[in-house]
Amino acid sequence: METVPPNCRDPKDLAILATAIDGQAEIIVSGDDDLRADDELRAVMATYGIRLLGVHSFLNVIAA
């Protein structure tokens, strides 16, 4: 069965979202605002246990 990722502003990002879901990722680190700045997408990905973070936010997470 093929994973159908949640809708996002940039269709080219769908493969990244599907791969993260299938791979049970915890975090996607990206500078892409189509991923990080979409609050609805962030909420849907959180239901899969996946956080969408920028580089600085990710560095803060691993430094804690």
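**View 1. Leucine 59 sits within helix H4 and is partly exposed.** Its relative accessible area is 43%, where partly exposed covers the range between buried (under 20% relative accessible area) and exposed (over 50%), with a 1.4 Å probe and protein chains only. The model shown here is predicted, so local features need pLDDT of at least 70 and side-chain atom pairs count only at pLDDT 80 or more, while totals for chains, interfaces and linings use all residues. Residues are numbered from 1 along each chain as its sequence is written, and side-chain values use heavy atoms, leaving out hydrogens and water.

**View 2. A nonpolar patch on the surface brings together Val29, Val55, Leu59, Val61 and Ile62.** Helix H4 (residues 55-63) supplies the largest share, 4 residues. Patch members have over 30% relative accessible area and no salt bridge; nonpolar side chains (Val, Leu, Ile, Met, Phe, Trp, Tyr) are joined within 5 Å, and like charges within 9 Å.

**View 3. Arginine 9 and aspartate 34 meet through their side chains in a salt bridge.** The N to O distance is 3.4 Å; a salt bridge needs a side-chain nitrogen of Lys or Arg within 4 Å of a carboxyl oxygen of Asp or Glu. Because arginine 9 belongs to the segment before helix H1 (14-22) and aspartate 34 to helix H2 (residues 33-36), the pair ties together parts that are 25 residues apart in sequence. Helices (H or I, at least four residues) and strands (E, at least two) are DSSP runs, numbered from the N terminus. Aspartate 34 is partly exposed, at 24% relative accessibility.

**View 4. Aspartate 33 pairs with arginine 36 in a salt bridge.** Their closest N and O atoms are 2.9 Å apart. The two residues are 3 residues apart in helix H2, which means about one helical turn separates them. Both ends are partly exposed: aspartate 33 has 44% relative accessibility, and arginine 36 has 27%. The structure holds 2 salt bridges.

**View 5. Glutamine 24 has a positive phi although it is not a glycine.** The angle is about 55 degrees. Most residues other than glycine have a negative phi. Look for glutamine 24 in the loop between H1 and strand S1 (27-29), where this residue counts as exposed at 69% relative accessibility.

Technical notes: Accessible areas come from the Shrake-Rupley method with a 1.4 Å probe; for residues, only the protein chains shown count as cover.
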